[in-house]
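Reader: I have a model open and some questions about it. Can we go through a few spots?
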Amino acid sequence: MKTDRAVMGVLLCCGLLLGPAQAYAMPEAARASDAAVTANQTPEVSDFYSATGAERVWFDAQGEPRLVPQQELEAWVLLSYEHGLRPQDYGAQSFLDGLDSRLSLSEREQWFTEQFLALARDLAGSDRVAQADSQWHFEVPVLDTTALSARLRRGESVAEILQSLLPQSPEYWRLVELYRQELKLPPDSIPPPILPQRLLRPGDQHDAIPILVHWLIQQSRLDADQVDRTSRRYSEPVVEAVRHIQRQNGLQADGIIGPDTRQAILQGREQRLRQIRANLFRWRALPRQLGSRYLLVRTAAFNLDLIKDGELERRHAVIAGRPSRPTPSFAASVRRLTFNPYWTVPFRIAVEDLLPKQQEDSAYLSSHQIDVLERSDEARWEARAIDSIDWSALSRGNFNLLLRQRPGPLNSLGRVRMDMPNPYSIFLHDTPQKRLFDEMPRAYSSGCVRVQDIDVLVSTLMDQAQVEKALAQSDTRPIALQAPVPVYLVYLTAWVDEQGVAYLHPDLYGRDRKLDSVLGPIGMPPPEYGVELARKVIKK
């Protein structure tokens with residue numbers, strides 16, 4: 001069979017069955033005449049061999065294969081699909097079928113290096129995330145091929161090196177496991193139910209309910225003993241199963257089956273795989289050293305985690321930017337907390353939101369405790385009476401005023417702002433609109449991130465008595481943190497919590513779709529025999 005021949009290719013290629021003398025055997029004449037590497041090299045390969053003194057890495061001085069590094073490389077190539085990569089991009093087919101016997105020793109040597117560097121580059125963090133997302137502002141990872149070569153020469157194994165390139169965050173590895181499990185599922189063998197276009201509310205009667213119940217049972221989302229399979233009634237056990245789907249898909253968990261819930265139920269395995277893959281790529285494009293204590297804001301999942309030594313300290317609901325004003329992905333550091341802050345209104349919000357409201361209602365700014373400032377001849381901002389301005393004559397093109405909201409119960413930043421210098425004017429802050437935290441999804445801001453129970457969060461970052469004292473005052477009070485706290489705002493639409501529960505959120509900004517178009521087809525697993533042998537090689 002073709003599969004069996006492919007598996008034998010794995011075994012023969014890596015010497016997993018045959019002894020060292022048989023694997024990659026080459027004529028003596030070819031060994032003697034081959035240089036370490038060919039003249040036809042990429043700059044990356046050239047740098048790699050400059051660090052080795054042009055010595056071979058994958059074959060010894062006699063032209064015999066170095067089986068351990070070759071086996072480990074092949075194993076990592078075959079298992080790269082678990083990280084959302086495509087093994088065929090790193091020579092998997094040649095590993096399976098065996099290299100062309102007409103290749104010279106130096107050509108074989110270089111081929112192994114090219115696959116090693118290509119795989120290492122993608123494990124270390126692909127630039128494809130930045131290519132697909134103009135709002136991705138993390139530094140693009142650059143693979144140091146000289147350093148990789150030096151590590152090999154120091155005796156580090158191929159497996160150790162490739163493993164070290166991956167994120168160490170437990171969340172990344174939970175996402176890898178989710179991707180692996182999704183790949184094991186049969187491709188949508190149980191078709192999703194056809195649901196009506198109208199809303200289905202708890203207690204409603206409909207012919208589609210028995211079909212939905214059957215599907216939920218087959219998906220292990222509903223206990224068959226809890227329901228009457230023939231009933232047309234949308235009963236509470238069925239509603240609760242639907243609520244669970246809604247929660248896992250970042251939707252309002254009200255049990256009402258509408259357009260978004262229908263889409264979540266209809267989502268197929270291929271779509272889930274593509275969404276999880278996009279987020280694996282994002283994780284690998286993040287910095288490797290996140291800090292011993294940091295904040296992770298999942299802007300697409302509308303939550304924030306405080307992580308310490310890899311463990312979850314706190315989790316908070318957040319409100320992120322609406323699609324027309326999306327929250328960018330970037331890193332910063334919280335250095336200071338400002339209690340009872342002023343809000344200096346960004347220019348875009350001033351001219352697009354507040355100016356039209358003031359033009360409609362002359363009391364709008366004053367009723368919201370917003371002051372108007374104008375730059376004086378001495379280049380200082382000075383207060384200007386609101387009723388002295390002809391608001392009807394102002395537009396984006398001639399708006400040279402500064403709007404600033406006073407501290408108080410109406411202030412859009414609430415009682416606390418977490419100051420994190422960045423070029424995007426994005427902050428974490430409180431909000432007077434607490435009711436919005438009950439919604440899902442929570443894309444309501446103009447880009448900044450509003451944090452639920454922010455007073456509890458900041459009490460974790462500094463002395464609680466100091467926080468309580470600052471909140472008891474009405475004056476604006478900045479307090480510096482003893483040490484900066486890194487914060488990473490990342491568009492993550494898929495994640496897995498500490499209990500292993502997976503969440504797949506709507507792609508509100510369309511960034512999954514753009515990244516998926518760059519990544520191409522899903523990489524499928526190699527033959528099962530090859531996967532099992534690969535796991536043994538790298539001791540997974």
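Reader: Where does Ala-54 lie?
Author: Ala-54 lies in the loop between helix H3 (43-50) and helix H4 (67-79). Helices (H or I, at least four residues) and strands (E, at least two) are DSSP runs, numbered from the N terminus. This is a predicted model, where local features need pLDDT of at least 70, side-chain atom pairs count only at pLDDT 80 or more, and totals for chains, interfaces and linings use all residues. Residues are numbered from 1 along each chain as its sequence is written, and side-chain values use heavy atoms, with hydrogens and water left out.
Reader: What is phi of Ala-54?
Author: Phi of Ala-54 is near 65°, a positive value in a residue other than glycine. Most residues other than glycine have a negative phi.
Reader: OK, and what about phi of Asp-453?
Author: Asp-453 is not a glycine either, and its phi is positive, about 55°. Asp-453 sits in the loop between strand E12 (449-451) and helix H17 (454-461). Its relative accessibility is 45%, so Asp-453 counts as partly exposed.
Reader: New topic. Which peptide bond is cis?
Author: The bond from Met-440 to Pro-441 is cis, with omega near 0°. Most peptide bonds are trans.
Reader: Where is Pro-441?
Author: Pro-441 is in the loop between strand E10 (428-429) and E11.

Methods
Buried means under 20% relative accessible area, exposed over 50%, partly exposed in between (1.4 Å probe, protein chains only).
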